[in-house]
Amino acid sequence: MRAAQVSKLEGPSSIEVVDLPEPVAYPGGVLIDVHAAGIAFPDVLMTRGLYQMKPGLPFVVGGEVGGVVREAPAESGLRAGDRVAALTMLGNGVAEVAVAPADAVFKLPDNVSLQAGAGILFNDLTVHFCLTERGRLAEGETVLVHGAAGGVGTSTLRLAKALGAGRVIAVVSTEAKAQVAKANGATDVVLTDGWLAAVKELTGGRGVDIVLDPVGGDRFTDSIRSLAGGGRLLVVGFTAGEIPTVKVNRLLLKNVEVVGAAWGEWVMTHPGYLAEQWADLEPLFASGAVTAPEPVLYPLERTAEAVAALDNRTATGKVVVQLR
């Protein structure tokens with residue numbers, strides 16, 4: 001099979017398309033013919049050995065796939081030919097054949113393509129976890145998301161209202177990204193230059209209830225300032241590169257919270273949580289209440305370019321590598 005492999009930790013440019021033996025299903029594993037594979041920011045970090053979990057070299061990039069089941073354990077409820085989205089988690093996704101644990105493989109609704117399915121799980125399950133589990137989103141609250149034209153950002157825009165938000169404010173860096181945010185369901189869009197003042201004006205000085213921040217960097221303190229009383233700032237990641245710090249006395253001013261939101265860590269320590277999440281989200285996709293992402297597709301030969309698009313922050317929406 002063909003696969004996108006990292007053999008040296010020199011960033012996205014070190015990804016090469018190579019021929020590898022097909023994997024064999026391990027006990028409890030589901031063998032999948034991969035049609036498309038999602039790319040996420042941890043893939044960028046892993047190409048440099050900077051992610052907290054480090055697969056041994058060489059490794060295949062990508063942690064989520066959309067494909068067709070070739071072989072599955074009888075007790076899994078899956079059958080050959082089923083259209084599925086699946087998490088391989090740490091690598092092994094951008095390959096023509098992949099194996100995923102049965103509890104991380106989910107049948108796709110008929111109205112969701114395999115390409116879109118490859119882009120659902122990592123970002124949408126992250127956002128679902130952030131807003132429901134860690135953010136305690138209440139009906140009618142206002143959500144603000146940084147990096148709103150990126151993968152996690154567009155997932156937030158697509159999901160927040162279906163999960164109860166009354167208003168969703170997108171923060172983006174360019175007018176072109178503003179159009180992406182609007183297309184994905186943003187109620188309001190503001191540019192990063194002067195975003196705090198714009199948000200204060202939009203909310204009549206009250207502020208927002210939840211800030212979802214996958215960016216980090218120098219806007220972090222202003223994110224705290226943007227919160228209404230009792231608001232929650234959800235720390236999701238640091239695509240800006242800089243890990244910010246907070247003076248905790250700021251939390252006292254309006255009884256606000258800074259909350260860590262590490263979905264992968266939660267999944268590993270809460271058996272059955274993935275199934276609970278999919279039980280919440282699958283009906284929303286099936287009914288059309290939430291649309292599946294419209295991914296930006298790259299062919300397998302351009303996997304390095306696909307990962308680099310997240311690294312240099314030029315990506316808009318979900319990046320997916322198409323293999324079939």
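## How α3 meets α4

Let's start with a helix pair in this predicted model. Helices α3 and α4 (residues 151–159) pack with their axes 9 Å apart and at an angle of about 60°, which makes α3 oblique to α4. Their crossing is right-handed.

Which residues of α3 meet α4? On the α3 side they are N123, D124, V127 and H128, and their partners in α4 are G151, V152, S155, T156, R158 and L159.

## The nonpolar cores

The largest nonpolar core has 48 residues, and the members touching the most others are I120, L121, L131, L157, W263 and L274. Helix α3 (residues 121–134) turns up again here, giving this core its largest share, 7 residues. At least three residues come from each of domain 1 (2–119 + 293–322) and domain 2 (123–264).

Beyond its neighbours within four places in sequence, L274 is in contact with L87, D103, A104, F106, L125, W263 and V267. Another core lies apart from this one; it has 33 residues, including L78, A100, L310 and L323.

## A loop aspartate

Now for D82, found in the loop between β5 (64–71) and β6 (83–87). Is D82 buried or exposed? Its relative accessible area is 17%, so D82 counts as buried, the cut-off being under 20%.

Setting aside residues up to four places away in sequence, D82 touches G67, V68, V69, G77 and K107. M46, by comparison, is 36 residues from D82 in sequence, and their C-alpha atoms are 30 Å apart in space.

Conventions
Residues numbered from 1 in each chain as written. Predicted model: local features only at pLDDT ≥ 70, side-chain atom pairs only at ≥ 80, totals over all residues. Heavy atoms only, no water. Core = buried A, V, L, I, M, F, W, Y, C linked by side-chain atoms within 4.5 Å. Buried < 20%, exposed > 50% of the residue type's maximum accessible area, 1.4 Å probe, protein only. Helix = DSSP H or I, 4+ residues; strand = E, 2+ residues; numbered from the N terminus. Domains from an automatic or database assignment. Contact = heavy atoms within 4.5 Å. Axes fitted to C-alpha atoms, helices over the stretch in contact; angles between N-to-C directions. Parallel < 35°, antiparallel > 145°, perpendicular 65-115°, else oblique. Left-handed = near helix turned anticlockwise from the far one by under 90°.
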